[in-house]
Every structure is written in C-alpha cells, then in structure tokens.
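Subject: Structure handover and notes

Dear colleague,

Please find below the structure I promised to pass on to you. My notes follow it, with the cut-offs given where each term comes up.

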Amino acid sequence: MSHPILQFSSVSKRYGSKTALQDVSLQVGAGKIIGLLGSNGSGKTTLMKIAAGLLQPSSGTVRVCGEPVGVKSKAVTSFMPDKPLTEPWMRVRDAIAFYRDFYPDFDLAKARDMLAFMQLNERDKVTSLSKGMNERLQLTLALSRNARLYLLDEPIGGVDPVAREKILDAIIQFYSEDSGLIVSTHLIRDIERIFDEVLLIKNGRLILHEQVDAIRTNHDKSVDDLFKEVYAE
Ligand SMILES: Nc1ncnc2c1ncn2[C@@H]1O[C@H](COP(=O)(O)OP(=O)(O)OP(=O)(O)O)[C@@H](O)[C@H]1O
C-alpha cells in the first residue's frame, strides 16, 4: 500500500501562549491540488512550515510519504515561501544554478520550459523583476524540482489578474500527478478552479476538508461563497 503524500496526526503548535494550530489531523493523497484556505492569522504558514520541516510542532506527528519529517522528507518536499529565497546579486540564471546545485531532484529542462512559459529572461537581475515576475520566478524554482510534496505559500499574493491566470496555468501544466500540491491563499475566487480539494482552517483548527466537487453539489455553492460564510465576522 502506498503512503499518503502528507499526513498530520493531532498536530498542535504554540508560540508561547499563542496557539497557532490546534489538534490538526489530515491526509493528502497523490495527484491532488489542495487549497489551504483561511483568513489572516489562521495558521496557514505555520502548517506549511511544519510540513516543510522548518518548524517543529508542539505535539503530534507529521509524515511525508510515510517518513517522519527530517532529512529524508525534506529531500522530497519543495516549499515556496511567501518571501523570496534568492539573493539580491543574482540574475535569473544564477537563481536557477543555485537551485540546481542545491537540489539533486532539480530538473533543468523543466526549469527552462517554465522560464519560457513565464516569459522570464535568464539574463534579468532578480532585483529588477516586478513583484509579479518575481513570483513567477519563485514558482519556477519550486516546481522545477521533481518533488513529491509541493507547498506554495501565497503564490499569487501580489500580482494582477492576468499574471494570476498565468501562474495558475503554470501550476496546472507543470505539476506532476504522482505528487501532492498544497497552495495557501485567501484569494479564493481567483484560484478555486485549480483545486481538487480544500482545507479550511480557522483560528488554528481544521474545520473542513472536502472535495471541491462535493462542496458544489452538497452545499450548492462555490468555495468562495462557503469561505465567506465560514469567515464572516
Ligand atoms: N513566530 C511567531 N511568534 C508568535 N506568534 C506567531 C509566530 N508566527 C505566527 N504567529 C501567530 O500564529 C498565528 C498563525 O500565524 P500564521 O502565520 O500561521 O497564519 P497565516 O494563516 O499564514 O496568516 P496570513 O494569511 O496573515 O499570512 C497568528 O496569530 C500569528 O500571529
């Protein structure tokens, strides 16, 4: 039997007296694009960083492809943080070379295809890129690894609607079916078309994990409408 791509079992995370995640259990299978939805401060980044092995849970266990989070799981996990990891001196090609040297699973041919799709030029300086072009670069770096688990934290945060569509098309085109991909966002309306399933978190608790088709048939509403209902203040 194959293992789930990602499994959380009763995971909690506290920062001092602040509880950021409370008893979260979930499973993500291969071939799924999953929306991690929640309002500001609900715990999305915390959940992703725990899955990526960048933060330790206060309690509970996390496995990636059956392995506890550690060296082996990190080798198959590609995390796109909400802040760029590139250095100011880099040109696009340096950023690509840096990732290629660092990650054995980096696929240079895929990176070149993605750069062309994203209309990124290898000679451009990273600091000269607009916010939207920078997000395209970060996404190219993250998706060019042949990982099993992709974690994209707010990949369309600061970009205009046209760039958003381009980024979503790239996610669909360059994502591989034997992996799981989790995308955190609060821009649901713009992005829900790419999701197979959604996870809703509120105040650190997972309150819903459902297939998008089931939301549309069972609740007779879009994910965006459901989100507004759940998070109404
Ligand atoms: N290092 C930290 N120390 C203390 N509290 C923190 C820390 N990091 C996050 N928190 C708190 O934990 C909660 C969850 O934060 P997290 O960044 O995971 O939320 P988020 O859903 O990603 O939010 P956003 O959409 O605003 O990025 C918030 O209340 C936040 O203030």
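Which residues are around the ligand? They are Tyr-15, Lys-18, Ala-20, Gly-38, Asn-40, Gly-41, Ser-42, Gly-43, Lys-44, Thr-45, Thr-46 and His-186, where a residue counts if its C-beta atom, placed from the backbone, lies within 6 Å of the molecule. The elements that give two or more residues to this shell are β2 (18–28) and α1 (44–52), and the largest share, three residues, comes from α1. By class, the shell has two nonpolar, eight polar and two charged residues, with Ala, Val, Leu, Ile, Met, Phe, Trp, Tyr, Cys and Pro taken as nonpolar, Asp, Glu, Lys and Arg as charged, and the others, Gly among them, as polar.

Before going further, please keep in mind that this is a predicted model, in which local features need pLDDT of at least 70 and side-chain atom pairs count only at pLDDT 80 or more, while totals for chains, interfaces and linings use all residues. Residues are numbered from 1 along each chain as its sequence is written.

On the overall fold, the protein has nine helices and ten strands, these being DSSP runs numbered from the N terminus (helices H or I, at least four residues; strands E, at least two). For 233 residues, a compact globule would have a radius of gyration near 17 Å, and the protein's value of 17 Å agrees with that; the radius is taken over C-alpha atoms, and the globule rule is 2.2 Å times the number of residues to the power 0.38. The C-alpha trace spans about 45 × 40 × 35 Å along its principal axes. Buried residues account for 39% of the 233, a residue being buried if 20 or more other C-beta atoms, placed from the backbone, lie within 10 Å of its own.

Strand β7 (residues 149–153) deserves a careful look, since five of its five residues are buried, so that the strand is largely enclosed by the rest of the structure. Both of its faces are covered, with Leu-149, Leu-151 and Asp-153 on one side and Tyr-150 and Leu-152 on the other. Strand β6 (residues 77–80) runs parallel to β7 and is joined to it by four bridges (two strands pair if DSSP finds at least two bridges between them); Thr-77 stands opposite Leu-149, and Met-80 has Leu-152 as its bridge partner. β7 also pairs with strand β8 (residues 180–185) in the parallel sense over five bridges, and there Tyr-150 stands opposite Leu-181. In β6, too, both faces are covered, Thr-77 and Phe-79 being buried on one side and Ser-78 and Met-80 on the other.

A separate note concerns the open sheet of four strands in the order β2-β1-β4-β5, whose pairing is antiparallel. Its edge strands are β2 and β5 (67–68), each of which pairs on one side only. Between strand β1 (residues 6–15) and strand β4 (residues 59–64) there are five bridges, and Leu-6 has Val-64 as its partner in β4.

Finally, in helix α3 (residues 92–102), Val-92, Ala-95, Ile-96 and Tyr-99 are buried. They cover an arc of only 100 degrees around the axis, which puts them on the same side of α3, the arc being that of the directions from the helix axis to the C-beta atoms. The buried residues of α3 pack against α4 (108–117) and α5 (131–143), where contact requires C-beta atoms, placed from the backbone, within 7 Å.

With best regards

Technical notes
Buried ≥ 20, exposed ≤ 12 C-beta atoms within 10 Å, placed from the backbone. Contact = placed C-beta atoms within 7 Å.
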